Amino acid sequence: MTMAAWLRSIPSLTGTAPGPDADPLPTEPEELFARWIRQAVDAGVPEAHGATLATVDADGIPDARTLILKDLTPDGWAFAGPRTSAKAAQLGAQAAAALNFWWPAVLRAVRVRGRVVEAPAEESAADLAARSPAARDGIAPGEWVLWRLVADRVEFWQGSPDRKHLRTIYRREGPHWRRSGAQDDERTGERAITRSPRSAGWTIGAATSAGSPPPVHETGAASSTRSSRCSTSA
Ligand SMILES: Cc1cc2nc3c(=O)[nH]c(=O)nc-3n(C[C@H](O)[C@H](O)[C@H](O)COP(=O)(O)O)c2cc1C
């Protein structure tokens, strides 16, 4: 069997999407993330706080590694590591990152991107102190850094076995979040997007309810009159 055939034989999207959420989508992505990671843990996802952090170096070359989410507050998604690490050097050169979570049992993934700020020294020291003795062995407080990813875009992806995946996207607009929804049809490449009316519920595709705004492209103008079903190569 070729490597390609063997890889294709590995099942994917084998989890089960949770049923419809009784609660409306929150206005803040942090709240939806908190809801989703708890549901992932409840569904048996191991180490649901593990994520892939992507950064770029001074030459613009990307890098990525696995790490642990340390905290989530209105100040951002917190992660930590040694000041001597590659990510520390890369964040020093370009203070921006992306953080990806994938929770197979619930067919959910979350993508977070934005700028990165270093937490105050006492918070880095507190994070180091909270590690196990083995994990902090040999690390002086000044050598350990807690960073916060201040998101400007957060995407919540709900996979579906029929390949009609749903995305909820939060984009920061000044002090507020704008939320949009999209349904991707992986089989046809079709993608339908609607923009939510401020903080109210959201709808998908052509089936917008009365009072909803016309569908728009994720990056398009609100005045777009194009069909809600638009082919993309995404
Ligand atoms: C499950 C798991 C959790 C990890 N957690 C962290 C972490 O919280 N912080 C960290 O610096 N490295 C963590 N690592 C190690 C990193 O993936 C990586 O090997 C190390 O940080 C070096 O990355 P860098 O040189 O690009 O900074 C973890 C690795 C795994 C597999």
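The shell around the ligand has, by class, four nonpolar, four polar and three charged residues; here Ala, Val, Leu, Ile, Met, Phe, Trp, Tyr, Cys and Pro count as nonpolar, Asp, Glu, Lys and Arg as charged, and the others, Gly among them, as polar. This is a predicted model, with local features needing pLDDT of at least 70 and side-chain atom pairs counted only at pLDDT 80 or more, while totals for chains, interfaces and linings use all residues. Residues are numbered from 1 along each chain as its sequence is written.

The residues around the ligand are G50, D63, R65, T66, L67, I68, A80, G81, S85, A86 and K87, where near means a C-beta atom, placed from the backbone, within 6 Å of the molecule. Elements giving two or more residues to this shell are β2 (62-68), β4 and α3 (86-93). β2 gives the largest share, five residues.

Now the fold. The protein chain has five helices and 11 strands; these are DSSP runs, helices being H or I with at least four residues and strands E with at least two, numbered from the N terminus. Of its 234 residues, 26% count as buried, that is, with 20 or more other C-beta atoms, placed from the backbone, within 10 Å of their own.

On to the core. The largest nonpolar core has 36 residues, of which W77, L99, V110, V112, W147 and L149 touch the most other members. Such a core is a set of buried Ala, Val, Leu, Ile, Met, Phe, Trp, Tyr and Cys residues joined through C-beta atoms within 7 Å. β7 provides its largest share, seven residues.

Definitions and conventions: Buried ≥ 20, exposed ≤ 12 C-beta atoms within 10 Å, placed from the backbone.
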